[in-house]
Amino acid sequence: MAAKNYAEALFEAARDKGIDEQIDGEAAAFLKALQDTPQFVAFLEGPHIPQGKKIPHVDNVMKGRFNVLLRNFVLLLLRRGRITALEEALELYRGLFEKSRGISHGRVTSAVALDEKQQAELKLALQNFTGLSLNLDYVVDPDIIGGVVFKAGDLLIDDSLEGQMARLRTELMKAPVN
């Protein structure tokens, strides 16, 4: 709940200043940096590290790289002891931004990496099928064997080989045995 409130406050402030798109891009970059550097997340969330050491370090790392609004947002979470809500709050911010632009966020999972042409063709087909304007993340998961799985909100389209085999298994189980 805290992450949602913080995300909404950040979104309102960014929108009021006319920098919601900039903050969205910077939030995406900051989230990627957090994913790529788990030791930084451990530093931020570590209860054994005094807040007095975290704040100047974070301020120094973000200064000149991120908008002052985003920097102050991260520092606010640190000061209030809510830094564990940071990643969720930034994800929620991105969702609010996309929703304000009529964009739905989705994820496409495939067994192998898709090249740019395949991604563009798949995105167009999914937009035509769903009637949504989509912002897609592409993930590779060899466990699905082949095909793709698409998820956006409550919508799930499982056209993976694994999913097709599961549906076939279900149908075969329904068939009468003589």
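**Exercise 1.** Is phenylalanine 40 buried or exposed, and what is its relative accessible area? Classify its partner phenylalanine 43 as well, and describe how the two rings are arranged.

*Solution.* The structure is a predicted model. Phenylalanine 40 has a relative accessible area of 15%, and since buried means under 20%, phenylalanine 40 is buried. The same cut-off, under 20%, applies to phenylalanine 43, which at 19% relative accessibility also counts as buried. Turning to the rings, phenylalanine 40 and phenylalanine 43 form an aromatic pair with 6.2 Å centre to centre and 20° between the planes; planes under 30 degrees apart count as stacked, so the pair is stacked.

**Exercise 2.** Which parts of the chain does the pair of phenylalanine 30 and phenylalanine 66 link?

*Solution.* A search of the whole structure finds four aromatic pairs. One of them, formed by phenylalanine 30 and phenylalanine 66, is edge-to-face, with 5.3 Å centre to centre and 85° between the planes. The pair links distant parts of the chain, 36 residues apart: phenylalanine 30 belongs to helix α2 (residues 20-36), whereas phenylalanine 66 sits in the loop between α4 (51-62) and α5 (68-79). Both residues are buried.

**Exercise 3.** How are the axes of helix α1 and α5 placed, and which residues meet?

*Solution.* The axes of helix α1 (residues 2-17) and α5 come within 11 Å and cross at roughly 155°. Angles over 145 count as roughly antiparallel, which makes α1 roughly antiparallel to α5. Their crossing is right-handed. On the α1 side, Tyr6, Leu10, Ala13 and Ala14 meet Leu69, Leu70, Phe73, Leu76 and Leu77 in α5, and by class this contact has nine nonpolar, no polar and no charged residues.

Terms used. Residues numbered from 1 in each chain as written. Predicted model: local features only at pLDDT ≥ 70, side-chain atom pairs only at ≥ 80, totals over all residues. Heavy atoms only, no water. Phe/Tyr/Trp six-rings, centres within 6.5 Å; stacked < 30°, edge-to-face > 60°. Helix = DSSP H or I, 4+ residues; strand = E, 2+ residues; numbered from the N terminus. Buried < 20%, exposed > 50% of the residue type's maximum accessible area, 1.4 Å probe, protein only. Axes fitted to C-alpha atoms, helices over the stretch in contact; angles between N-to-C directions. Parallel < 35°, antiparallel > 145°, perpendicular 65-115°, else oblique. Left-handed = near helix turned anticlockwise from the far one by under 90°. Contact = heavy atoms within 4.5 Å. Nonpolar A, V, L, I, M, F, W, Y, C, P; charged D, E, K, R; others polar.
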